[in-house]
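User: I'm new to reading structures, and I'd like to see how one gets described up close. Could you pick a part and walk me through it slowly?

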Amino acid sequence: MQLIIDHLSKQYAREIWGLRDVSLSVRAGVLGLLGPNGAGKSTLMRILATITRPTGGSVSWNGIDIVRSPDCVRTVLGYLPQDFGVYPQLTPQEFLEYLAAAKGLDAPTARRRIDDLLQLVNLDGVRHQRLGGFSGGMRQRVGIAQALLNDPRLLIVDEPTAGLDPEERVRFRNLLSDLSGERIVILSTHIVSDVEAVATDLAVMVRGQLVRQATPEAFLQATAGRVWEWLIPSDELPAVRNRFRITGTLRKPEGMLLRVLAATAPGAGARPVEPTLEDAYLDAVTAPTAGNP
């Protein structure tokens, strides 16, 4: 089971690129696709879900080009888009039954699958209430359930924790971890905590380009020795921001305690600390060459 993205590009207008020359090789596990808003993550997700056609390059699923033969991946695909919508007059039960039929599931299989999924996303008690009265977080949970209806081999989820409360976010991350063994899961987000506990591989995008792909451990190793804690007077913060890449600030009685990315100690009293995945992500995103054509 393998998804190969080869020199993929998407151009929307003469000078507007959604993607530019993106290449990735993805195997079973969870790929955390990280990047700020506007990095091109959703464009890539839509191409992988066969909704948008690329301008250049190719995508293959187990050796078959999905642009030329989209059905090869559609039959094994689960997709939760960022702008997932529902039919407000339907209940979760009715909505999932409708989508199960559209996916070709037979009625007995659909009933069993819907029962399991509604319990999984903690909506079993409201399965007969109309979706129009649901909160954003509850609708997002319905979206997660519909993406899993056909027990997909390729699961693509775009900003899936938007609108979820902290407990639901943890539940969803645990679910992804449980699902990842025998399938490819691509989780697109700009929130590092969504992926740090579950991702087997990470890819960072900036301005439509892939700037780094590696395991979480390799990301941390690449940043080791370049993260510093530095206590400075509060009034020096604006000048320090102009000189260094800062990944965190904490106000203390003595001043501002900073986490700084730098090859050498940024100033007197700075001490090296172990990098976090947040440090490593911000290092990739804010590197001077990140996103340059």
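Analyst: Let's start where two helices touch: Pro 92, Gln 93, Leu 96, Glu 97 and Ala 100 in helix 3 meet Ala 110, Ile 114 and Leu 118 in helix 4. Sort the residues of this contact by type and you get six nonpolar, one polar and one charged. Keep in mind that you're looking at a predicted model.

Now for how the two helices are arranged. Helix 3 covers residues 92–102 and helix 4 covers residues 107–120, and they pack at an angle of about 135 degrees with their axes 10 Å apart. That angle makes helix 3 oblique to helix 4. As for handedness, helix 3 passes helix 4 in a right-handed crossing.

The buried ones are Lys 41, Thr 43, Leu 44, Met 45, Ile 47 and Leu 48. After helix 1 comes Thr 50, which has a positive phi, near 65 degrees.

Let's zoom in on Met 45, which sits in helix 1. Met 45 counts as buried because its relative accessibility is 0%. So what does Met 45 touch, leaving out residues up to four places away in sequence? Its contacts are Leu 33, Tyr 79, Ile 156, Asp 158, Ile 186 and Ser 188.

Note on methods
Residues numbered from 1 in each chain as written. Predicted model: local features only at pLDDT ≥ 70, side-chain atom pairs only at ≥ 80, totals over all residues. Heavy atoms only, no water. Axes fitted to C-alpha atoms, helices over the stretch in contact; angles between N-to-C directions. Helix = DSSP H or I, 4+ residues; strand = E, 2+ residues; numbered from the N terminus. Parallel < 35°, antiparallel > 145°, perpendicular 65-115°, else oblique. Left-handed = near helix turned anticlockwise from the far one by under 90°. Contact = heavy atoms within 4.5 Å. Nonpolar A, V, L, I, M, F, W, Y, C, P; charged D, E, K, R; others polar. Buried < 20%, exposed > 50% of the residue type's maximum accessible area, 1.4 Å probe, protein only.
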